[in-house]
Amino acid sequence: MVDLGSLPIESHKLQAFVTESIKPLLNHVVVYGVGGAHFYISQSNKGSMVFGGDLDWYKSYAQRGNLPIVQDSAEAAMAILPCLGRIRLLRHWAGVMDMSMDGSFFMCKTPISNLYLNAGWNYGGFKASPASGWYFADLIANEQPHKYIQNHNLERFEKGINLDERGAGPDPKLHG
Amino acid sequence: MTSRRINNYGKVNRNRVVSFIWNQKKYFGFEGDSLASAMLANDIKIVGRSFKYHRPRGIMSCGVEESGALITIGQEEKRDPNVRATTQELYEGLVASGQNAYPDVNFDLGAVSGLLGRFFAAGFYYKTFIGLPPFEWGKGTKAWMFYEKIIRKAAGMGIASRLPDPDTYEHANDFCDVMVIGSGPAGIAAAQEAADKKLDVILVEQESVIGGDKLSDADFDSKNLRSSLISSGVKIMTRTTAFGLYDNCVAGLLERVTDHTNIKPEYLPRQRFWTIRAKHIILGTGAFERHIAFNNNDVPGVMNANAAKHYLNRYGVLSGQNITLATNNDSVYGTALELAQAGSNVSIVDSRFSVGNEITEELSKNNIELILGRVPYSINGKKSVHNIELKNSNLENSNHKHRITSDLVLLSGGWSPVVHLLSHRGVRPKWDNENLCFVPDEIKEPITVAGSASGIWGTGDCVASGVAAGLNAAKSLGLKTTDYFFPKRGGWKNPIQPLYEIKYKKSRSKSFIDYQHDVTCDDVRLAHREGFVSVEHLKRYTTLGMANDQGKMGNIIGLAVMAELLNKKIPEVGTTVFRPPYTPVAIGALAGRNVGKHFRALRVTPMHRWNLDNGAKMIEVGLYQRPWYYPAEGETLSDSYIREAETVRKTVGICDVTSLGKIAIQGPDSTEFLNRVYSNAFAKLAIGKARYGIMLRDDGIVMDDGTSWRLSENDYFMTTSTAQAAKVMAWLEELLQTRWSDLKVHVASVSEQWAGAAVAGPESRNTLIECLEDPQVISNDSLPFMGVISTNLKNGIPCRIARISFSGEMAYEVYTASDYAPDMMDILWKSAQNFKGCLYGLEALGALRIEKGHVTGAELDGRVTIDDAGLGKMASVKKSYIGSAMRSRGVLSDEGRETLVGLFPKNKNEKFDAGTILCEVGKVNGFGIGRITAVTHSPALGHWIGLGFIKGGVNSWKNKEILGSDPVRNNEVRIEVVSPHMYDPEGEKMHG
Amino acid sequence: MIRINCPYCGERDHSEFTYGGDASIKYPSLDAPEKEWTEAIFFRKNIYGKQLETWHHTSGCRMWLEVERSTQTHEIFSVKACHSELNKIIQKEKSK
């Protein structure tokens with residue numbers, strides 16, 4: 001537990017890729033997970049294709065990735081949009097993902113008084129930030145979790161409440 | 001700019017004329033030209049338009065830092081947008097067209113956005129989110145949904161093709177002792193030194209010929225140097241860019257195999273992506289020349305100074321007739337002399353006040369005008385340079401404006417070492433105030449920097465540093481070397497003076513920092529005014545350095561402007577991190593050969609050919625191809641699987657079950673091992689018997705179901721589900737090696753070694769009798785339910801037979817060595833046909849097992865406990881096993897959990913699908929009370945049935961009606977809940 | 001590319017391996033109480049810097065390895081077989 005210095009969270013890295021900007025090619029976000037692949041792609045308003053997929057699979061805080069995932073992501077990109085072959089990758093980097101044991105976040109009090117935890121968003125943090133802010137503020141102000149986040153606490157594991165939609169089990173890297 | 005080809009200069013092959021198309025017109029160049037040099041030779045002034053303001057751009061450099069000459073090469077499916085004309089080698093028939101312009105780069109309607117430039121300053125994009133004033137201001141905007149489309153259309157540089165990329169790309173790997181990146185004087189010296197020490201050396205060069213900056217020397221012989229390096233044992237890779245450095249001195253490289261030629265044989269890939277694992281890396285990556293920011297510094301006809309020297313001596317192109325060089329450092333003087341000697345009128349504007357007699361004398365001998373103490377102030381001209389205005393270096397305002405008529409302005413604002421690859425390794429650069437550039441800071445990995453990349457300017461010093469780097473590499477690899485030293489940084493006679501921006505008198509000027517994204521000094525000041533004071537924010541808000549050149553040209557100027565605003569020194573402002581790739585890399589190259597059907601490996605069973613020959617239609621299950629159904633003439637999928645399932649229940653059917661995982665478990669502790677991993681008892685499994693087993697995860701949730709057969713005292717054969725085969729294998733190995741190292745057990749995957757077929761149905765025994773050498777071995781006494789034997793098929797093929805049933809009928813699973821698979825199938829099928837049996841596939845198998853209520857991965861989805869699945873009896877209370885401690889924690893042992901049930905539509909004519917959410921009548925919301933996991937149109941019962949989970953199980957919903965809600969497929973069905981064992985609930989048929 | 005020096009196969013790319021998990025976890029005995037198992041399964045120190053982890057050489061010798069690696073720089077400090085007896089045998093072979 002947190003007073004002993006451990007949490008149900010591991011820090012992994014997720015690479016993101018950006019291409020040169022081109023005239024509009026894709027108007028939606030495309031996501032797929034087939035054949036063991038895991039992939040998303042969209043086109044930014046500036047014209048770059050932005051894509052990514054799997055974690056690098058080993059724990060890291062380094063914020064930079066290695067080549068095997070670059071290759072995997074390019075393969076997944078080509079599988080769904082074969083015209084991307086000639087588009088050039090401009091930049092790739094990695095962010096630190098706080099992967100949790102069941103793929104779901106924690107927004108709760110901790111055993112340490114006045115210490116609140118809002119973490120373990122895996123790689124969904126970007127999208128969830130605005131809404132999570134409201135619920136976290138509510139928790140801190142009212143000392144009680146809202147009903148939507150009632151089970152999103154550190155005690156859920158001992159209670160058998162597994163918020164594990166994917167059914168991957170207690171291994172952070174598998175929730176990528 | 002009146003640029004042209006001249007005689008007696010350049011190393012292009014004038015005997016080979018090459019034609020190319022630019023904007024649908026034909027032009028000529030020579031073999032050896034780059035597209036840019038050929039364009040200059042043809043005096044093509046405007047080659048592109050800038051991103052935002054659509055200002056005309058010309059050729060601005062002679063290398064990868066090019067921001068103006070971004071061209072689209074090729075057509076249709078081979079269309080390549082955003083190619084730098086400066087790095088594209090010219091070949092016969094090359095087709096080039098301008099981009100980001102309508103109708104073309106010479107006359108572009110898009111230039112109107114330049115007139116509205118005031119509204120498109122940095123950050124305009126983000127401000128549009130706030131809302132259109134005055135109605136929406138501050139409240140977000142609905143109009144965004146409309147004008148986002150316009151912004152998207154205006155954005156983007158080239159147009160990409162939508163057709164699949166027809167080219168092939170390869171991946172390659174290599175190893176070496178020393179990798180030298182860059183073949184300038186330092187790189188070559190380093191490579192030679194390392195090779196002399198008998199080290200394995202790879203020299204990587206992004207150009208087509210080695211030499212680096214020496215290529216701009218009139219008398220440099222690249223070919224000779226190449227031969228001598230090769231004979232020393234150096235492996236030279238030209239047309240190869242080292243685009244990224246990764247952990248452990250592993251580099252990613254891109255080799256351009258056929259981009260430079262129109263001869264593209266089928267057997268060659270377009271490009272190769274190399275992963276090279278070195279023990280030591282030497283960076284001889286050189287330095288970029290910076291430009292200077294002043295009003296209108298982007299008019300076509302502005303280039304960096306060193307580029308002109310390259311165009312002259314490498315390509316024989318004189319880039320201008322009346323040339324003005326503006327500088328703050330010594331590096332331009334050699335260039336100026338050469339340009340004057342080649343026939344141009346040259347003037348030099350130096351911001352400093354003295355450059356020494358030696359230089360001044362040389363200049364006057366060559367009729368070069370030298371204007372000291374002046375800086376460039378503004379360029380007049382729109383589509384080309386007409387003249388350039390100067391002002392005094394040290395006066396804020398100057399009434400006396402010097403004006404020089406020019407057609408080419410060459411800028412040199414300083415030199416920036418190319419430290420990008422080090423940045424990939426997290427090495428932050430440090431500022432050298434004497435040389436006004438960033439140089440590498442301390443490097444902890446086996447990487448050495450040599451030459452200009454470390455801020456050394458003189459050629460002799462660069463060579464010496466290369467030698468030192470080579471010796472340094474040898475030493476770090478354990479060899480004995482002589483002493484070596486690295487020359488001091490710098491090397492200019494006269495010190496460089498800071499010159500980043502010359503402010504314009506008017507409040508708004510177009511002084512470009514980032515040419516490609518149209519970021520001006522005013523934009524940086526605007527960002528600062530709006531509160532973006534960190535360099536990371538500056539970059540993202542103004543988009544400085546985010547274009548194709550990734551800030552190679554403009555970053556330092558941006559930092560200098562920021563530093564002034566923040567009242568800090570440049571190093572205090574900080575830097576952003578350079579990321580791979582150094583230059584853009586085609587995604588196709590990164591993907592390599594794993595495209596199209598090769599995206600993933602194809603797994604087939606040894607019966608694959610046999611299945612196809614016998615009419616199977618296949619389906620993908622993960623990576624496997626499995627038989628789906630075996631249609632008779634004119635049958636649909638439904639017709640087929642219903643017939644197959646009925647045949648199995650009536651007489652006999654044969655099914656390929658080879659894709660199941662199979663594991664050999666051997667050793668004196670095998671029984672104890674199995675007893676620990678399975679939830680049910682295995683300690684007393686008799687020899688010659690098989691048992692169905694459930695494996696839990698550590699946290700008590702069901703991992704997989706399978707069987708284990710005891711072949712002898714210490715020899716077991718385990719089967720797992722297809723999907724979990726690899727996972728279970730890794731799990732068993734993990735347990736044995738990391739937790740129970742005292743157990744004497746060996747596990748081996750034998751999934752590939754065994755082929756298996758299920759023979760199922762009332763006539764299955766009779767069918768098998770005809771196939772065996774000794775039919776007696778499968779009599780009911782010899783082979784009771786769950787028994788296992790090893791025996792031979794009629795033609796001597798050895799096999800293992802287990803009397804296990806997944807379908808619920810009397811059934812046997814027959815396994816043989818994979819090579820015998822087709823023969824085994826021949827024998828089994830011949831016999832089955834005598835009983836009017838059939839071959840059946842996955843669809844029928846699914847129907848049969850759903851009718852029986854047998855669970856598969858669809859139900860055991862990683863969230864379900866053994867009790868949820870209705871298999872609570874298989875959780876032994878007499879022993880501890882993996883998951884036993886955790887399986888009952890908290891809510892996992894609650895009454896009223898979602899447990900396994902069978903489902904019928906109330907109206908037997910209706911259907912439902914897997915994934916449907918089960919809800920109480922009148923409460924169709926949220927997560928409902930359960931879900932459907934698998935469905936089939938039951939051959940035995942004549943209507944749709946399903947398996948699923950529901951809160952409280954059968955007992956809570958017997959005789960009550962519920963709703964199945966499927967909003968995705970627009971369906972809502974009334975459902976009744978029944979026992980999951982919907983056919984032959986007593987299991988009589990299996991035991992016959 | 002993280003390069004792992006497999007004691008049996010030699011130095012290989014990390015893509016030949018499957019990542020395991022935290023090697024510092026001592027799993028309780030099968031009949032230990034729920035509380036001990038919960039702690040072992042769900043809670044991690046997640047160290048920034050040198051830490052112990054397991055890797056499984058799935059595309060090679062199938063050995064489970066205990067690797068000491070920095071999560072900050074990815075530098076590997078030691079590699080050995082998880083199975084202590086296996087380790088002893090390998091050390092003995094190497095010293096021959």
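Tutor: Let's start with Phe717(B), which counts as buried because its relative accessibility is 1%; buried means under 20% relative accessible area, exposed means over 50%, and partly exposed is in between, using a 1.4 Å probe on protein chains only. Trp754(B), at 17%, is buried by that rule too. Before we go on, keep in mind that this is a predicted model: local features need pLDDT of at least 70 and side-chain atom pairs count only at pLDDT 80 or more, while totals for chains, interfaces and linings use all residues. As for bookkeeping, residues are numbered from 1 along each chain as its sequence is written, chains are lettered from A and ligands numbered from 1 in the order in which they are written, and side-chain values use heavy atoms, with hydrogens and water left out.

Now for the rings. A pair of aromatic rings is described by the distance of the centres and the angle of the planes. Here, rings of Phe, Tyr and Trp (its six-membered ring) pair if their centres lie within 6.5 Å; planes under 30 degrees apart make the pair stacked, over 60 edge-to-face, and the rest tilted. That rule gives 28 aromatic pairs over all chains. One of them is stacked: Phe20(B) with Tyr27(B), at 5.8 Å centre to centre and 25° between the planes. Phe20(B) is buried, with a relative accessible area of 1%, and Tyr27(B) is buried at 15%.

Phe717(B) sits in strand β38 (residues 715–720) and Trp754(B) in strand β40 (residues 754–760) of chain B, so the pair ties together parts 37 residues apart in sequence. (Helices, H or I with at least four residues, and strands, E with at least two, are DSSP runs numbered from the N terminus.)

The charged end of Arg800(B) sits over its ring, 4.9 Å from the centre; to count, NZ of Lys or CZ of Arg must be within 6 Å of the ring centre and within 35 degrees of the ring normal. Elsewhere in chain B, Lys960(B) lies over the face of Trp957(B), at 5.6 Å from the ring centre. Chain A has rings to look at as well: ring pairs link Phe17(A), Tyr32(A), Phe39(A) and Phe51(A) into a cluster.

Stepping back, look at where chains A and B meet. Counting contact as heavy atoms within 4.5 Å, 58 residues from chain A and 77 residues from chain B take part. About 5,300 Å² is buried between chain A and chain B, with carbon and sulfur atoms giving 52% of that; buried area is the accessible area (1.4 Å probe) that two parts lose on being put together, summed over both. On the chain A side, Lys23(A), Asn45(A) and Arg86(A) lose the most area to chain B, together 17% of what that side buries.

Arg86(A) also forms a salt bridge with Asp165(B), the closest N and O atoms being 2.8 Å apart. A salt bridge here is a side-chain nitrogen of Lys or Arg within 4 Å of a carboxyl oxygen of Asp or Glu, and there are five between chain A and chain B. Three elements of chain A, β1 (9–21), α1 (67–80) and β5 (88–100), each supply at least two residues of the side that touches chain B. The largest share of that side comes from α1(A), with nine residues.

Most residues other than glycine have a negative phi, and most peptide bonds are trans. Pro580(B) and Pro581(B), though, are joined by a cis peptide bond with omega about -5°, and Pro581(B) lies in the loop between α15 (570–573) and β31 (585–586) of chain B. Asn114(A) is not a glycine, yet has a positive phi of about 70°; it is in the loop between β6 (106–109) and β7 (116–119) of chain A and is exposed at 69% relative accessibility. Met786(B), also not a glycine, has a positive phi of about 75°, but Met786(B) is buried at 13%.
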